[in-house]
Amino acid sequence: MSINIGMSEAQRKTIAEGLAKVLADSYTLYLKTHKFHWNVEGPMFRTLHLMFEEQYTELATAVDEIAERIRALGFPAPGSYSEFAALTSIKECNGKTDALTMIQELVDGQETVVRTCRAFFPAVDEANDEATADLLTTRMQTHEKTAWMLRALLEK
């Protein structure tokens, strides 16, 4: 069935491809944050354990919203580890890391998602895709705020 929402198929495809990268970054960040929640140790344990839980819970909701937007544009959403690995800009964390390294890696991940959103925002503007613009704006605000809060923990 054809989709007639005021954007060409090429515009919808470009936006869906950009959203697929945001989804992959968000899901990879979700996994990393959840891993850190489970494995954090040290004097900041309780604070970080709870903070990481809040963050991965927020990301779990976000990935669903991003995937559903891709579907609304008429394209399949990636959903496997191999698809996410091919699309993400966030590096996995393998092995044990200390709490400060976890925080820094999450700052980097939050900022990466913002850059991924920002990179294809011009295509969203060009297509007058206010729904995706709203989603991206919300994601950027959330990730920028979370990065700021995490960076504050690294201040000496």
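Biologist: Which residues in H1 meet which residues in H6?

Modeller: This is a predicted model: local features need pLDDT of at least 70, side-chain atom pairs count only at pLDDT 80 or more, and totals for chains, interfaces and linings use all residues. Residues are numbered from 1 along each chain as its sequence is written, and side-chain values use heavy atoms, with hydrogens and water left out. Helices are DSSP runs (H or I, at least four residues; strands are E, at least two), numbered from the N terminus. With contact meaning heavy atoms within 4.5 Å, Ile15, Leu19, Val22 and Leu29 in H1 meet, in H6, Thr132, Leu135, Leu136 and His143.

Biologist: Is H1 roughly parallel or roughly antiparallel to H6?

Modeller: Axes are lines fitted to C-alpha atoms, for helices over the stretch in contact, with angles from 0 to 180 degrees between N-to-C directions. The axes of H1 and H6 come within 12 Å and cross at roughly 25°. Angles under 35 degrees count as roughly parallel, over 145 as roughly antiparallel, 65 to 115 as roughly perpendicular and the rest as oblique. So H1 and H6 are roughly parallel.

Biologist: How many charged residues does the contact of H1 with H6 have?

Modeller: Ala, Val, Leu, Ile, Met, Phe, Trp, Tyr, Cys and Pro count as nonpolar, Asp, Glu, Lys and Arg as charged, and the others, Gly among them, as polar. This contact has six nonpolar and two polar residues. The charged count is none: no charged residues.

Biologist: How do H1 and H2 run relative to each other, roughly parallel or roughly antiparallel?

Modeller: H1 covers residues 9-39 and H2 covers residues 45-72. Their axes come within 8 Å and cross at roughly 160°. That makes the two helices roughly antiparallel.

Biologist: Is the crossing of H1 and H2 left-handed or right-handed?

Modeller: A crossing is left-handed if the near helix is turned anticlockwise from the far one by less than a right angle, and right-handed if clockwise. For H1 and H2 the crossing is left-handed.

Biologist: What is the distance between the end C-alpha atoms of H2?

Modeller: The expected span of a helix is 1.5 Å times one less than its number of residues. H2 has 28 residues, so it should span 40 Å. The model agrees, with its end C-alpha atoms separated by 40 Å.

Biologist: What covers the buried residues of H2?

Modeller: Buried means under 20% relative accessible area, exposed over 50% and partly exposed in between (1.4 Å probe, protein chains only). The buried residues of H2 include Leu48, Phe52, Tyr56, Ile66 and Arg69. Their cover includes H1, H4 and H6.

Biologist: Which residues does glycine 109 touch, not counting those up to four places away in sequence?

Modeller: Glycine 109 is found in H4, residues 99-119. It is buried, because its relative accessible area is 2%. Beyond those sequence neighbours, glycine 109 touches Leu29 and Ile90.

Biologist: Is asparagine 128 buried or exposed?

Modeller: Asparagine 128 lies in the loop between H5 and H6. It has a positive phi of about 50° although it is not a glycine. Most residues other than glycine have a negative phi. With a relative accessible area of 53%, asparagine 128 is exposed.
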